[in-house]
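Work through the exercises below with the model open beside you, and try each task before reading its solution.

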Amino acid sequence: MRIAVLGGGPGGYAAAFEAARLGAEVTLVERERLGGTCLNWGCIPAKTILRSAHICADTRHAADYGLVAAPATVDVDALRTRKEGVVDELVGQIEATARRLKVRVVYGTGRLTAPKTIEVEFTHSGNETIAADAVILATGSIVFKLPNIDHDLEGVWTSDHAVALSEIPRDIVIIGGGVIGLEFTCAYAAFGSKVTVVELMEQVLPGNDRRVVKLAQAKLEEMGVTFHLGDAVESVERHGARMLSTLRSGGVLESDIVMSAVGRVPNSAGFGFDTVGLEFDRRAIKTDEHFRTNLEGVFAIGDLIGGMMLAHVAEEEGVLAARNAVAELSAAGADATLASMRYDCVPACVYTFPEVAVVGSSRDGAKERGIDAVQTVSKFAANAKALGEGDSDGFVQLVAEKGTGRIIGCQLVGPHAVEIIHEVALAMAHDITVGQIAHTVHAHPTVSEVIKLAAADAASKV
Ligand code: FAD
C-alpha cells in the first residue's frame with residue numbers, strides 16, 4: 001500500500017508517520033524544511049521569541065520581586081541564534097522520526113499531474129514521478145497580502161520577516177490585531193519598541209469574548225501599545241528611512257517598520273490541484289468529514305482545507321486522514337469505518353502576556369445554539385500560586401449546561417492559561433461534568449485551582 005503525502009508541515013508529517021505506523025509505504029514530499037510553517041516560520045519561532053520577551057519584561061519589574069537588576073536589552077544576533085537552535089533541534093527530531101519509521105522524504109516541489117500521481121521537481125536538480133494508491137495533500141497556507149500595500153517595499157514586513165529577526169524595530173505599526181499580530185505586538189513592546197496596532201474590527205482578537213479581550217488589550221496598553229480599533233491602513237509609503245501609514249480615519253502613523261498580520265490563506269494555487277479537478281471553496285480544498293476530497297483516494301488536511309488554521313488541528317487531521325486512507329485501501333471495496341474530528345473541543349491559544357486560551361462556546365454562543373447554560377467566573381486574584389508568582393491578573397469563565405453539568409466552553413485569560421485549558425478540553429472530549437471536575441483533587445498551590453473553583457461554582461448552579 002503506497003501513500004504519498006504532499007507537504008511536510010505538522011499536518012503532512014503527522015499523516016506520513018501515522019500511515020507508516022499502520023504499515024504503508026510512505027513518501028513525503030517537502031519543498032523547504034520538515035516542520036512547515038509551524039516549526040520554521042510560525043508557532044515555534046514566535047514562542048521562542050516570546051520567551052525572551054517575557055524575561056526582558058520581567059527584568060523591568062525585578063524590584064517588585066525584591067530583586068536588584070538592570071532592565072535587559074536585546075542582543076538580536078544572540079536571540080536569532082537561540083531561535084535557530086530551537087527550530088533546528090525540532091526539525092532534526094522530525095527528520096529522525098521519518099528515518100526511524102522508514103518514511104522516504106523527497107525534497108522538492110510537488111505537483112499533481114493526475115489524482116494519485118505527484119511530479120516532483122527536486123530542490124537541487126532533476127525530477128521524479130511518484131505514483132501512489134492514495135495521496136494526502138497538506139501544502140498548508142501562505143501569508144495573505146493586502147492588495148493596497150506593496151509588500152516588496154523595504155520596511156514592509158509579514159510574520160516571515162519578524163521571525164527572521166534581522167532587527168528589533170524602534171517603532172512598528174502592526175496591521176491586524178488577531179493572534180499573530182498581538183503576539184508580535186507583545187514581544188516588540190516587551191523588547192522596548194513603540195508599537196501601534198491598527199485593527200479593522202472594533203475589538204482585537206475578533207470573535208473572542210469581550211471581557212477576555214478587554215483585559216488582554218489593557219495589559220498591552222500598560223506595556224505602552226497604542227490601538228486604533230475600527231480603522232484601517234489605506235496606504236503605506238516609504239519616506240527616506242521611515243514608513244508612513246495613512247489611516248482610513250485620516251491620520252498618518254510614522255514608523256521604522258510596518259508589519260502586515262491580516263491572516264493566512266490556503267496554499268492551493270500552482271500545484272495542479274485545479275487541473276486534476278479538485279473542488280474548492282474559495283482557496284480551500286473541499287473535503288468531507290473524513291478528509292476525502294471529491295477525487296477518489298485523494299485526501300486533504302490542515303491549513304489547506306481552511307477552518308481552524310492551527311498546528312494541532314492540522315496534526316490531528318493528518319493522523320485521521322492517514323487512518324482513513326489506510327482503512328479504505330485495506331477494506332478494498334468493503335465499507336471501511338472512517339474517523340472524523342471533534343472541532344468543538346479544540347483549544348485555541350494566544351501567547352500574549354497574559355495568555356489567552358479558549359475552548360468551545362461562550363455563554364452567548366451557547367444561547368445562539370439554544371443551550372440553556374450557566375456561566376461562572378473564578379479570578380486569579382484569589383489564586384495563591386498566581387499571587388505568589390506576582391502574576392494574578394485574569395480569570396476563567398466556565399460555561400456549563402443547566403440540568404446536565406456538561407461543559408459547553410471555557411474562556412481563560414491569565415497566567416499559564418495555554419496549559420491549564422487542557423483540563424477543560426479533556427473534560428469536554430470525554431463528557432466529564434463540572435461536578436466531576438469539582439470533585440477531583442487539584443494540587444495546592446496551583447493555577448489550575450481556578451478551574452476547580454469555577455467548576456464547583458458551576459456545579460452548584462446547574
Ligand atoms: P504548513 O505548516 O504550512 O506546512 C505546509 C508545508 O508544505 C510547508 O512545509 C511547505 O513548504 C510545504 N509545501 C507547500 N507546497 C508544497 C509543494 N507543492 N510541494 C512540496 N511541499 C510543499 N498554530 C498553532 O496551533 N499555534 C500557534 O501558536 C501558532 N502560531 C503561529 C505563528 C505564526 C507567526 C504563524 C505564521 C502561524 C502560527 N500558527 C500557529 C499556525 C500554524 O503554523 C499552522 O496552522 C500550521 O503550520 C499548519 O500546518 P499544515 O501542515 O497544514 O501546513
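**Exercise 1. The ligand site**

Which polar backbone atom is 3.3 Å from an oxygen atom of the ligand, and to which residue does that backbone atom belong?

Solution. This is a predicted model, in which local features need pLDDT of at least 70 and side-chain atom pairs count only at pLDDT 80 or more, while totals for chains, interfaces and linings use all residues. Residues are numbered from 1 along each chain as its sequence is written, and side-chain values use heavy atoms, with hydrogens and water left out.

Step 1: the backbone atom belongs to L310, and it lies 3.3 Å from an oxygen atom of the ligand. A backbone N or O atom of M309 is also 3.3 Å from a ligand oxygen atom, and a polar side-chain atom of K47 lies 2.5 Å from an oxygen atom of the ligand.

Step 2: the ligand taken alone exposes 1000 Å², of which the protein buries 96% (areas by the Shrake-Rupley method with a 1.4 Å probe; for residues, only the protein chains shown count as cover).

Step 3: α2 (36-41) is among the elements that give two or more residues to the shell around the ligand, and with 4 residues α2 gives the most (helices, H or I, of at least four residues and strands, E, of at least two are DSSP runs, numbered from the N terminus).

**Exercise 2. The surroundings of S141**

Determine whether S141 is buried or exposed, and list its side-chain polar partners.

Solution. Step 1: S141 is found in strand β7 (residues 141-143), and its relative accessible area of 6% means that S141 is buried (buried is under 20% relative accessible area, exposed over 50%, partly exposed in between, with a 1.4 Å probe and protein chains only).

Step 1: the side chain of S141 makes a polar contact of 2.8 Å with the side chain of R264 and another, also 2.8 Å, with the side chain of D303 (a polar contact is a pair of N or O atoms within 3.5 Å; within protein, one must be able to donate a hydrogen and the other to accept it, and residues adjacent in sequence count only if both atoms are side-chain atoms).

Step 2: S141 and N267 are 126 residues apart in sequence, yet their C-alpha atoms are 4.3 Å apart in space.

**Exercise 3. Helix α6**

Step 1: 11 of the 13 residues of α6 are buried, including F184 and Y188, and just after α6, G192 takes a positive phi of about 105°.
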